[in-house]
Amino acid sequence: MGASAMTVTGCSAAHDAYDAQVRPWISQMVQLSGAMDGFIGAHDGVAYVDMSCVASAMLAELDAHRRVACTFSSLTDDQAEAFRHADVMASYSAHVYARCGQMMSGLDGYGYGWGPMANGCGGGPGVVPGPSGDPVALGERIFDWGIGADGQPIVRSGGFGMMMMTRSGCAGCHGSDGHGLRTMMFTTPNITYPNLTDPSGLREPDGTRGPTYTDELIRRAVAEGVGADGETLDPRMPRWQLSGQDWDDLLLFLKTLR
């Protein structure tokens, strides 16, 4: 709907085609979400049950978009609404995708590492898990949601696909406990502080040993995507533009993970 070739008169037809394609999928998601929540809850994920909420939020967003789509007097405003809607739906879709990957990880025998809850469904940017101003709590917010001390999303570069669509921090790929995730699309290492700084070398998901990290090397990996051995890390890992305070807070929280 945001294509440059679109016209004001052609907007309604394009929206109707989009809605007809997407609505059945979301309706099916609503029907399946209860069973998905039951599965999550039955596998040590009671605190992470959010699929019914996410499915309902997606349907509500689709309905809200339908009410205003193509009602603007200019194509620019119609496109702005289409882009806003696409951003919201992409974020929710990425969360569903991540949840499915976490389920598959457990079914494949690698354990259930549930990531943070979706925005508006028990979690989200701006929610500080602890006393306001507590550096460890602020570091946890960065780890879980990628939200800095100023309450704004931390700018990131690199990464691609779902990794850049999800509105989360380190936990989105490494798990809320930092122990790493194994999904259909990617496997991430344990990034708890003892593993990163192990003198014998970081234990990789396959059991081999990698390089040992220092605090400064951890920061370089997060900010520049360069490993302790000087090699470029997986491009799917975003590069985070952390302020000095954000880095200090994040490091304090990392040191609590075991």
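Reply: A residue counts as buried when its relative accessible area is under 20%. In this predicted model, Ser168 has a relative accessible area of 11%, so Ser168 is buried. Ser168 is found in the loop that runs between helix H5 (162-165) and helix H6 (171-174). Leaving aside residues up to four places away in sequence, Ser168 touches Asp144, Trp145, Gly146, Arg156 and Trp240. One of these, Asp144, lies 24 residues from Ser168 in sequence, and the two C-alpha atoms are 5.9 Å apart in space.

For the chain as a whole, 41% of the 258 residues are buried. Among contacts with a separation of 6 or more, 53% are between residues 24 or more positions apart. The chain exposes about 12500 Å², and carbon and sulfur atoms supply 57% of that area. It has nine helices and two strands, which follow each other along the sequence as α-α-α-α-β-α-α-α-α-β-α.

Now to the helix packing. Two packed helices are described by the angle between their axes and the distance between the axes.

Helix H1 covers residues 11-42 and helix H2 covers residues 51-68; their axes come within 7 Å and cross at roughly 165°. An angle over 145 degrees counts as roughly antiparallel, and H1 and H2 are therefore roughly antiparallel to each other. Their crossing is left-handed. Sorted by class, the contact of H1 with H2 has 13 nonpolar, six polar and five charged residues.

H2 also packs against helix H3, which spans residues 75-107; here the angle is about 165° and the axes are 11 Å apart. H2 and H3 are therefore roughly antiparallel to each other, and the crossing of H2 and H3 is left-handed. From H2, the contact is made by Met51, Val54, Ala57, Met58, Glu61, Leu62, His65 and Val68. From H3, the residues taking part are Glu81, Ala82, Arg84, His85, Val88, Met89, Tyr92, Ser93, His95, Val96 and Arg99. By class, the contact of H2 with H3 has eleven nonpolar, four polar and four charged residues.

To put the two pairs side by side: the axes of H1 and H2 come within 7 Å, while those of H2 and H3 are 11 Å apart. The crossing is left-handed for H1 and H2, and left-handed for H2 and H3.

Technical notes
Residues are numbered from 1 along each chain as its sequence is written. This is a predicted model: local features need pLDDT of at least 70, side-chain atom pairs count only at pLDDT 80 or more; totals for chains, interfaces and linings use all residues. Side-chain values use heavy atoms; hydrogens and water are left out. Axes are lines fitted to C-alpha atoms, for helices over the stretch in contact, and angles run from 0 to 180 degrees between N-to-C directions. Helices (H or I, at least four residues) and strands (E, at least two) are DSSP runs, numbered from the N terminus. Angles under 35 degrees count as roughly parallel, over 145 as roughly antiparallel, 65 to 115 as roughly perpendicular and the rest as oblique. A crossing is left-handed if the near helix is turned anticlockwise from the far one by less than a right angle, and right-handed if clockwise. Ala, Val, Leu, Ile, Met, Phe, Trp, Tyr, Cys and Pro count as nonpolar, Asp, Glu, Lys and Arg as charged, and the others, Gly among them, as polar. Buried means under 20% relative accessible area, exposed over 50%, partly exposed in between (1.4 Å probe, protein chains only). Contact means heavy atoms within 4.5 Å. Accessible areas come from the Shrake-Rupley method with a 1.4 Å probe; for residues, only the protein chains shown count as cover.
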